[in-house]
Amino acid sequence: MDALVELHAVDWRDAGLEGFGKPEGYLERQLRRFLGLWEHNKTREVPAVESVGRWLADRLPDSPPATIVHGDYRLGNTLYAPGNPARLSAILDWEMATIGDPLADLGYLMVMWTDPGDPEIAGMDLSPVTRQPGFPTRDELVARYAERSGRSVGDLGWYRVLASWKLIVFMEGNYKRAKAGTTDDPFILQFGELIEELGERVEAMTHDA
């Protein structure tokens, strides 16, 4: 979390990244892009996914000042140096990076972070190790980010819904390719029923956001 705060504190203009992305309208572009991907890739109607897309559009928050956004910031995309105390030494997989809303990174990380007692969800439980004793909870991580960055995280529920919804859209694209025979991975073929279940879960998230 400290590394994410540090990343978001980089002056991207001084770093020569003026042309790296469009800081204005980041969230609107995310919604347009993923709504388009859903329409292109969907293999059947999933009402919950479409209703969440409308919910996100109707409640678009005001973004804080733009920062570098990693786009896939999670434990699995970091490296830690050997020895104690734990020290993050590298952030990997930058192909989705841009300039935009920093809270998109925070919302995504919270979706990818698993607390003890969370249900195991195939395809989304990418960091099961964080269930183990000694790892901070999501609430503790959010509190640390808010304290270290000075940003308000009051709209974080919206960003968590956005991240979960985007994952479903990605999964549907993979499922469509699996149905077309472009992959023989049996795990991806399970996404058909899973996507409908996840759609209902994310729809339920909107009631608490």
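1. Basis of the note. This is a predicted model, in which local features need pLDDT of at least 70 and side-chain atom pairs count only at pLDDT 80 or more, whereas totals for chains, interfaces and linings use all residues. Residues are numbered from 1 along each chain as its sequence is written, and side-chain values use heavy atoms, with hydrogens and water left out.

2. Fold and dimensions. The protein chain holds eight helices and four strands, taken as DSSP runs numbered from the N terminus (helices H or I, at least four residues; strands E, at least two). Their order from the N terminus is α-α-α-β-β-β-β-α-α-α-α-α. The chain is as compact as a globular protein of its length, because its radius of gyration of 17 Å is close to the 17 Å that the globule rule gives for 209 residues; the radius is taken over C-alpha atoms, and the rule is 2.2 Å times the number of residues to the power 0.38. Along the principal axes, the C-alpha atoms fill a box of roughly 45 × 40 × 35 Å.

3. Of the 209 residues, 44% are buried, where buried means under 20% relative accessible area, exposed over 50% and partly exposed in between (1.4 Å probe, protein chains only). Among contacts (heavy atoms within 4.5 Å) with a separation of 6 or more, 74% join residues 24 or more positions apart. The chain exposes about 11,200 Å², of which carbon and sulfur atoms supply 51%; the areas come from the Shrake-Rupley method with a 1.4 Å probe, and for residues only the protein chains shown count as cover.

4. Helix 1. In this element (residues 2-9), the buried residues are Ala 3, Leu 4, Val 5, Leu 7 and His 8. The buried residues of helix 1 pack against strand 1 (67-69), strand 3 (87-91), helix 4 (102-112) and helix 5 (138-149).

5. Nonpolar cores. A nonpolar core is a set of buried Ala, Val, Leu, Ile, Met, Phe, Trp, Tyr and Cys residues joined through side-chain atoms within 4.5 Å. The largest has 48 residues, and those with the most contacts inside it are Met 1, Leu 56, Met 110 and Trp 165. Helix 6 (156-179) is among the elements that each supply at least two residues of this core, and helix 6 gives the most, with eleven residues. A second, separate core of five residues includes Val 111, Met 112, Ala 163 and Leu 167. Leaving aside neighbours within four places in sequence, Met 110 is in contact with Met 1, Arg 138, Leu 141, Val 142, Leu 156 and Arg 160.

6. Trp 55. This residue lies in helix 3 and, at 12% relative accessibility, Trp 55 counts as buried. Beyond its neighbours within four places in sequence, Trp 55 is in contact with Trp 158, Val 161, Thr 206 and Ala 209. Trp 55 and Thr 206 are 151 residues apart in sequence, yet 7.7 Å apart in space, C-alpha to C-alpha.

7. Backbone points to check. Most residues other than glycine have a negative phi, and most peptide bonds are trans. The peptide bond from Asn 84 to Pro 85 is cis, with omega near 0°, and Pro 85 is found in the loop between strand 2 (78-81) and strand 3. Asp 93, in the loop between strand 3 and strand 4 (98-100), has a positive phi near 60°. At 37% relative accessibility, Asp 93 counts as partly exposed.
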